[in-house]
Amino acid sequence: MRDFSADHRWLSLNTATVRKQGDLVAIIEGCGRHDIRAIDPWRDQVAAVGLDRAVRAVRDAGLELSGYCRGGMFTSDAARRTEVRDDNRRCVDEAKALGASCIVLVAGGLPQYSRPGSAVSKDIVAARAQVDDALAEMLDYARQAKLPLAIEPLHPAYAADRACVNTTKQALDICDRLDPERTGALGVALDVYHIWWDPDLAGQIARAGRDRLLAFHVCDWLVPTRDILNDRGMMGDGVIDIRAVRGAVEAQGYAGYSEIEIFSDDWWEKPMDDVLRTCIERHRTVV
Ligand code: ZN
């Protein structure tokens with residue numbers, strides 16, 4: 001397992017962590033001040049400054065992208081299938097322009113939440129089948145662009161509104177169905193917030209192996225969690241044994257970035273430099 005205590009060479013910043021403090025260009029400048037070498041930007045943040053400007057800012061700063069957030073939201077009613085396909089193709093194009101190492105995929109929950117305006121459905125079984133179909137279609141496009149796709153299983157609390165792929169096993173089952181040869185085109189993004197509770201986690205990380213482990217996200221699970229979406233904890237402030245999960249992932253050969261992704265009304269209130277300093281300190285001491 002890598003020693004993170006001496007520097008933050010392997011820290012990547014998911015830009016949602018400080019999205020209320022500044023736009024993407026301001027966040028990239030913040031990374032420069034704190035010697036952060038990698039980011040994972042969100043599509044809306046890129047759109048807000050314009051793709052060309054985002055590409056230039058990333059290039060001028062010499063940043064790597066540990067991922068691009070996010071593709072997916074595959075579930076919709078029939079009228080919106082083309083919209084879903086085209087939206088995900090644009091996501092691939094943007095990620096390619098930005099030089100992202102992979103696209104993080106959030107599968108989508110029930111259609112009416114995943115793609116607002118879709119007809120109301122309670123059929124989560126159908127939603128899961130639809131994820132397979134729409135993801136297969138996106139995978140064809142992403143393969144041509146040589147852009148790996150990383151399915152991020154989300155905590156079951158999000159099954160309705162964000163992702164009906166809720167465990168690492170489920171995500172890996174999709175990978176095995178759509179990419180049985182393990183070509184590297186499809187894998188998982190493991191976020192400790194979503195997976196730490198899973199009794200099957202160690203076995204599934206071993207099953208994933210190096211070629212399916214495309215991204216690793218960290219934050220912490222606070223007790224109590226006041227808001228399932230926007231009350232994530234800073235690493236070390238909650239109950240997740242982050243180092244144990246990182247150890248399991250790295251035992252499979254994962255050697256990429258440890259990406260900090262914190263959606264938190266508390267941390268969004270603080271100055272960007274304070275947040276980045278704390279991220280670095282916790283990365284060195286508890287990640
Ligand atoms: Zn994540």
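Glu-94 lies in helix α4, which spans residues 81-98. In this predicted model, Glu-94 is buried at a relative accessible area of 16%. Apart from neighbours within four places in sequence, Glu-94 contacts Arg-43, Leu-51 and Tyr-68. The points below cover the zinc site and the salt bridges.

**Zinc site**
- Glu-152 (OE), Asp-191 (OD), His-217 (ND1) and Glu-261 (OE) coordinate the zinc ion at 2.0 to 2.2 Å.
- The site is irregular, with angles of 81 to 148° among the four donor atoms.
- Along the chain, the zinc donors follow the spacing E-x38-D-x25-H-x43-E.
- His-217 in strand β8 (residues 213-218) and Glu-261 in the loop between β9 (258-260) and α11 (265-268) link distant parts of the chain, 44 residues apart.
- His-217 and Glu-261 are both buried.

**Salt bridges**
- The structure has a count of 27 salt bridges.
- Asp-179 and Arg-143 form a salt bridge through their side chains, at 3.3 Å from N to O. This pair connects the loop between α7 (168-178) and β7 (186-191), where Asp-179 sits, with helix α6 (residues 124-144), which holds Arg-143, across 36 residues.
- Asp-179 is buried at 0% relative accessible area, whereas Arg-143 is partly exposed at 33%.
- Arg-226 and Asp-266 meet in a salt bridge of 2.9 Å, N to O. Arg-226 belongs to the loop between β8 and α10 (242-251) and Asp-266 to helix α11, 40 residues apart.
- Arg-226 is exposed, with a relative accessible area of 61%, and Asp-266 is partly exposed at 37%.
- One network of salt bridges with shared partners joins Arg-143, Lys-169, Asp-173, Asp-176, Asp-179, Arg-207 and Arg-212.

How values were computed: Residues are numbered from 1 along each chain as its sequence is written. This is a predicted model: local features need pLDDT of at least 70, side-chain atom pairs count only at pLDDT 80 or more; totals for chains, interfaces and linings use all residues. Side-chain values use heavy atoms; hydrogens and water are left out. Donors are N, O and S atoms within 2.8 Å of the metal (3.2 Å for Na, K and Ca); water is not among the atoms, so sites may look incomplete. Four donors count as tetrahedral if all angles lie between 85 and 135 degrees; four count as square planar and six as octahedral if opposite donors are over 155 degrees apart and all others between 65 and 115; anything else is irregular. Helices (H or I, at least four residues) and strands (E, at least two) are DSSP runs, numbered from the N terminus. Buried means under 20% relative accessible area, exposed over 50%, partly exposed in between (1.4 Å probe, protein chains only). Contact means heavy atoms within 4.5 Å. A salt bridge is a side-chain nitrogen of Lys or Arg within 4 Å of a carboxyl oxygen of Asp or Glu.
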